[in-house]
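Open the model in your viewer and keep the selection tool ready. The stops below go one at a time.

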Amino acid sequence: MNLTTEQKKTVIAAFLGWTLDAFDFFLLTFLLIDIAKEFQVGVPDVAYALFLTLAMRWVGAFFFGRLADHFGRKPILMLNIVSYSVIGALAAFSPNLTTFLILRAVFGIAMGGEWGLGSALAMESIPPRARGVVSGILQCGYPAGYLLAAVVYGLIYGKQIAGYTVDWRFMFLLSIIPALMVLFIRSHVPESPAFTEGRKHPKPGIVKTIGANWGITLYAVVLMMLFNLFSHGSQDLYPTFLQKQHGFDHATVSWISIVANIGAIVGGLFFGFLSERIGRVNAITIASLIALPAIPLWSFGSTPVMLAIGAFVMQISVQGAWGVVPAHLNELVPGAVRATLPGFVYQAGNFLASYNGRFQSWLAEQPGYNYGYVQAVVIGIVAVALIAVIRFSPERRGQVMTVTD
């Protein structure tokens, strides 16, 4: 993968932006039980924050995407990173659950913009032959953020720092850290060459562009709904499952989550690379199939080691499939709206899947059900559906990207 120094810096910036965005999101998944205790509510009530964050991401994808299609990928990416950092940190000062939920909803708007901006900037800046590998690298930012959250949770949560016991509020204050990355982007990352060149040519409006491509837009929304059910259905409540159903302590939950996300990174890199050889559709199909034999250990393992092995294989599958998505979506959509449409269809699909976390937590706590059983059923159904739907996707590996294609 022969990239120039500037191209490498662009990929690094897009990767770190998504990593730190995911870090801010996944901090909550480790803290649901403790937040519920402080506000004297049930876990499903706090899990509603997961729904609100996911449900509002499409707003941010559209808003920041439109700004980026008009003003450039680089400046709007910087604005977006500052936004999600500050809003994420404000959750630490929530006096009650209602305020916390509102802040997490607004955080979802900011979070929703990053993926489309970062992936468009990276994909438009690199040669076509590098897209599969870079796609896997970019998407690995998500499990890398989850892994970082797991490491930080395991290392400092409940510990004494300068006489202060680290609680959930302190953890959210860490969300301000990503804002520092704006300094790197401003100094070292160039604007997308496709966007710079596209300024010389008139572009059709988004309504006209989507209208002319309504079929692929609708298909992509359905596809991304399944992708988001696949990832969030296997990740968001897994720490809660380990805590409530198995009674594991913070350290055990942390290291199982770390193992799972190492698997996710392996899967994303491998299947991103593989998609350059066998195509995007085939790579996603194979990755999704791996989830099915992983379910027994992942959901019904009886020891930490068995569960960790199951989680490792499951996340190879989930993030292996996801590792192809940045390249595949950016190749499918028209260039005139590339900063808007991939992120928008991703987050529109996310919106359709967003109630899954609250639904899973509610159902898991009903008599006769548990977290292991509910997540196994959800992932089994979703994996099969994703395999069926991806087979209808166009294959556009290697397509040249401009903002006027």
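Are Phe 39 and Trp 168 buried or exposed? Select both: Phe 39 is buried, and Trp 168 is buried too. Buried means under 20% relative accessible area, exposed over 50%, and partly exposed in between (1.4 Å probe, protein chains only).

This is a predicted model, in which local features need pLDDT of at least 70 and side-chain atom pairs count only at pLDDT 80 or more, while totals for chains, interfaces and linings use all residues. Residues are numbered from 1 along each chain as its sequence is written, and side-chain values use heavy atoms, with hydrogens and water left out.

Next, look at the rings. Rings of Phe, Tyr and Trp (its six-membered ring) pair if their centres lie within 6.5 Å; planes under 30 degrees apart count as stacked, over 60 as edge-to-face and the rest as tilted. The count by this rule is 25 aromatic pairs. Helices (H or I, at least four residues) are DSSP runs, numbered from the N terminus.

Now select Tyr 238 and Phe 241, a tilted pair at 5.1 Å centre to centre and 45 degrees between the planes. Both lie in helix H12 (residues 238–245), 3 residues apart, about one turn of the helix. Tyr 238 and Phe 241 are both buried.

Last, select the members of one aromatic cluster, including Trp 18, Phe 25, Trp 115, Tyr 142 and Tyr 346.

Technical notes. Helices (H or I, at least four residues) and strands (E, at least two) are DSSP runs, numbered from the N terminus.
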